[in-house]
Amino acid sequence: KNQPVSEEMLFTKLLIFHWLSMCAVLAALSQTGHEIVVIAPEVNLNVKASEYYTPETYPVPLTREELGASM
């Protein structure tokens, strides 16, 4: 019996060490032909442009300094 295959996946990024681990996963997925979009707050500290994914941002009521202080 065939298992259903997901065409879309959603991951959430909480801490920098999770993001660093996720970058390796995203690179591997990208190299197998997956199109990846990473969604992050526009004041994020970690998500930068990459050949492996397309970054998209959304507005938040925090400054970069406030975000950094909360981590």
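This note goes through the confidence, layout, core, surface and selected residue pairs of a predicted model.

1. Basis. The model is predicted: local features need pLDDT of at least 70, side-chain atom pairs count only at pLDDT 80 or more, and totals for chains, interfaces and linings use all residues. Residues are numbered from 1 along each chain as its sequence is written, and side-chain values use heavy atoms, with hydrogens and water left out.

2. Confidence. The chain has a mean pLDDT (the predictor's confidence in each residue, from 0 to 100) of 78. A value of 70 or more is reached by 70% of the residues. Helix H2, residues 64-69, has the lowest confidence, with a mean of 75. Strand E2, residues 54-58, has the highest, at 88.

3. Layout. There are 2 helices and 2 strands in the chain; these are DSSP runs numbered from the N terminus, helices being H or I of at least four residues and strands E of at least two. Their order from the N terminus is α-β-β-α. Among contacts (heavy atoms within 4.5 Å) with a separation of 6 or more, 21% join residues 24 or more positions apart.

4. Burial and core. The chain has 71 residues, and 20% of them count as buried. Buried means under 20% relative accessible area, exposed over 50%, and partly exposed in between, with a 1.4 Å probe and protein chains only. The largest nonpolar core holds 8 residues: Trp19, Met22, Leu26, Ile36, Val38, Ala40, Val47 and Tyr53. Two or more of its residues come from each of helix H1 (16-31) and strand E1 (37-41), and H1 gives the largest share, 3 residues. Such a core is a set of buried Ala, Val, Leu, Ile, Met, Phe, Trp, Tyr and Cys residues joined through side-chain atoms within 4.5 Å.

5. Surface. The accessible surface of the chain is about 5900 Å², and carbon and sulfur atoms hold 58% of that surface. Areas come from the Shrake-Rupley method with a 1.4 Å probe; for residues, only the protein chains shown count as cover. Val37, Ile39 and Tyr58 make a nonpolar surface patch of about 290 Å². Tyr58 belongs to strand E2 and is partly exposed, at 38% relative accessible area.

6. Val25 is partly exposed at 37%.

7. Helix H2. Gly68 lies in helix H2 and is partly exposed, with 34% relative accessibility. The C-alpha atoms of Gly68 and Asn44 are 8.7 Å apart, and the two residues are 24 apart along the chain. The mean confidence of H2, 75, is the lowest, as given in point 2.

Methods: Patches are made of residues with over 30% relative accessible area and no salt bridge: like charges are joined within 9 Å, nonpolar side chains (Val, Leu, Ile, Met, Phe, Trp, Tyr) within 5 Å. A salt bridge is a side-chain nitrogen of Lys or Arg within 4 Å of a carboxyl oxygen of Asp or Glu.
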